[in-house]
Amino acid sequence: MTSSTQRLSGETPEPPAGLTRFNTSADSDALAALHEVCASSAWGSKVLAQRPYATTEALFLASDAAMAELTAEDLAEAMAGHPPIGRPKPGDPTSSREQSGMAGASEDLKAEMLELNLAYQEKFGHVFLICATGRTGEQMRDAVRTRIGNSPEEEREIVRTELGKINRIRLTRLVEEESAA
């Protein structure tokens with residue numbers, strides 16, 4: 001039966017195996033997996049508390065709601081889990097994959113990003129955070145150039161939005177995995 005037929009007949013499609021595994025795993029294991037998605041312990045606790053999830057979309061909605069409730073301190077904790085653009089954590093395939101748009105960047109662009117990252121960090125007190133997946137090095141550079149002119153309040157809300165996008169990408173990976181990582 002196709003998913004459109006299932007929706008018409010009122011049947012609920014089978015959740016992805018990874019979502020079932022996440023729903024049924026021990027709290028400590030699920031929390032560890034959530035910490036890999038987002039370093040905010042408040043976010044992780046809120047998402048964990050709403051298990052089990054019937055669908056991936058329900059998980060996304062819970063993630064978005066938890067992100068919307070994060071305090072400035074919670075956001076700082078979440079951002080601390082992200083390396084600067086252009087400098088993924090050594091040995092971390094997630095940050096390397098997400099920042100792949102910088103992998104082929106020229107040395108000039110890499111140097112400019114380092115300079116912009118430092119100026120941004122000096123102004124806002126945290127790394128420049130953007131959902132880098134699918135973006136080129138030039139697009140990320142242009143974004144930091146634009147955003148460095150924001151007020152701290154404006155930037156905090158942009159960061160919240162960008163973290164939400166990153167969390168959705170990472171949650172998708174988590175629930176679509178065939179076996180535990």
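Predicted model: local features only at pLDDT ≥ 70, side-chain atom pairs only at ≥ 80, totals over all residues.
So, how many helices and how many strands does the secondary structure of this protein come to? Ten helices and zero strands. Reading from the N terminus, the elements simply go α-α-α-α-α-α-α-α-α-α.

A few overall numbers, then. The chain has 181 residues, and 39% of them count as buried. If you take the contacts with a separation of 6 or more, 69% come from residues 24 or more positions apart. The accessible surface is about 9600 Å², and carbon and sulfur atoms hold 54% of that.

Okay, let's go to the helix pairs. Start with H4, residues 41–49, and H5, residues 56–68: their axes come within 9 Å and cross at roughly 140°. That angle makes H4 oblique to H5, since the roughly antiparallel label is kept for angles over 145 degrees. The crossing of H4 past H5 is right-handed. On the H4 side you'll find Trp43, Lys46 and Val47, and they meet Leu59, Ala62, Ser63, Ala66 and Met67 of H5. Sorted by class, that contact has six nonpolar residues, one polar and one charged.

Now the second pair, H8 and H9. H8 covers residues 107–124 and H9 covers residues 137–147; here the axes come within 10 Å, with a crossing angle of roughly 30°. That makes H8 roughly parallel to H9, because angles under 35 degrees get that label. H8 passes H9 in a left-handed crossing. From H8, the residues making the contact are Leu109, Glu112, Met113, Leu116, Tyr120 and Phe124. From H9, they are Gly137, Glu138, Met140, Arg141, Val144, Arg145 and Arg147. By class we get seven nonpolar, one polar and five charged residues in the contact of H8 with H9.

Stay in that area for a moment and look at the loop between H8 and H9, where Phe128 sits. Is Phe128 buried or exposed? It's buried, with a relative accessible area of 1%, and the cut-off for that is under 20%. Leaving out neighbours within four places in sequence, Phe128 contacts Ile85, Asn117, Tyr120, Met140, Ala143, Val144 and Arg147. As for Asn117, it is 11 residues from Phe128 in sequence, and the C-alpha to C-alpha distance is 6.1 Å.

Next up, Glu155, which belongs to helix H10, residues 152–176. This glutamate counts as buried because its relative accessibility is 0%. Which residues does Glu155 touch, not counting those up to four places away in sequence? Tyr120, Phe124, Arg147 and Asn150. You've met some of those names already: Tyr120 and Phe124 are on the H8 side of the contact with H9, and Arg147 is on the H9 side. Tyr120 and Arg147 are also among the contacts of Phe128.

Last stop, Gly18, over in helix H2, residues 17–24. It's another buried one, at 2% relative accessible area. Not counting residues up to four places away in sequence, Gly18 touches Leu174, Val175 and Glu177.

How values were computed: Residues numbered from 1 in each chain as written. Heavy atoms only, no water. Helix = DSSP H or I, 4+ residues; strand = E, 2+ residues; numbered from the N terminus. Buried < 20%, exposed > 50% of the residue type's maximum accessible area, 1.4 Å probe, protein only. Contact = heavy atoms within 4.5 Å. Areas by Shrake-Rupley, 256 points an atom, 1.4 Å probe, with all protein chains shown as cover. Axes fitted to C-alpha atoms, helices over the stretch in contact; angles between N-to-C directions. Parallel < 35°, antiparallel > 145°, perpendicular 65-115°, else oblique. Left-handed = near helix turned anticlockwise from the far one by under 90°. Nonpolar A, V, L, I, M, F, W, Y, C, P; charged D, E, K, R; others polar.
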